[in-house]
Amino acid sequence: MIDLHAHVLPDLDDGPATLEEAVTLVNQAYHDGVRAIVASPHGFNGLYNVHRTDVLARVAELQEALKRAGIGVEILPGMEVYLNLDLLGQLKLGQALGINQTRYVCIELPTGQLPLFTGEMLFDLKAAGYTPVIAHPERNAQVQAKPETLLRLSPGGWAMVSAPSLVGLYGPAPRRTAEALISRGMARFLCSDAHHLKRRPFLLTRAVQHAAEIVGKARAEAMVMGHPASLLATRGAAVL
Ligand SMILES: [Fe+2]
């Protein structure tokens, strides 16, 4: 499986604190069946403002440590960029990173009310040639109240449902919403959003099984294989 969204880089955000912890977390991913991870530390969310150079350095450091430990997981660079008014500038200046440095950008929305500039910001990103990919839309209160809200934000299903939401770790509302988005084809990716070995572990296998009960095995597996592979392959190319 390919995981487009996980917090596995050491000492950058609320993911692993040390390189050793990071290796243990990726080892858990390996045993869950994951073979490639886009490391997506929080960017521009007020609490964590990681820099591109730190992401690239930590990715190389972690990949080297995994090689030494004999863990066959490829780590790719990325960032979970919090929706903010300077987002387009941050991308143009290379401060914010796309998924595997493509023009697909993992966007974190607030969990509560969406800011008034949301629609315009997402439109401006698209006009500039970027494709916003909404991280865990099922955790946003407006999407929970009305899943169609996501159609307005991301008409092409460019969204990632999180495994913990789908298996019920965050309670009934995110779970119910995750199920609705998947069953209606409104999110084409399933991601771990893993942060921690125990508190927020890799649960992708369980999540894919759950998704398969809703949309069938082939469509569920495409969410962690074919679809993410197609996105990663656009590195250095145009959008899909
Ligand atoms: Fe995340």
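Predicted model: local features only at pLDDT ≥ 70, side-chain atom pairs only at ≥ 80, totals over all residues.
Colleague: On the other side of helix 1, which residues are exposed?

Modeller: Glu 20 and His 31 are exposed there. Residues are numbered from 1 along each chain as its sequence is written.

Colleague: And which residues of helix 1 are buried?

Modeller: Ala 22, Leu 25, Val 26, Ala 29 and Asp 32. Seen down the helix axis, these buried residues fall within an arc of 105 degrees, so they line one face of helix 1. That arc is taken from the directions from the helix axis to the C-beta atoms.

Colleague: What do the buried residues of helix 1 pack against?

Modeller: Their partners are strand 1 (2–6), strand 2 (36–39), helix 2 (52–69) and helix 9 (204–215). Contact here requires C-beta atoms, placed from the backbone, within 7 Å. Helices (H or I, at least four residues) and strands (E, at least two) are DSSP runs, numbered from the N terminus.

Colleague: In what sense do strand 1 and strand 2 pair?

Modeller: Pairing needs at least two bridges found by DSSP; strand 1 and strand 2 are parallel over three bridges, with Asp 3 opposite Ile 37 in strand 2. As for cover, five of the five residues of strand 1 are buried.

Technical notes
Buried ≥ 20, exposed ≤ 12 C-beta atoms within 10 Å, placed from the backbone. Contact = placed C-beta atoms within 7 Å.
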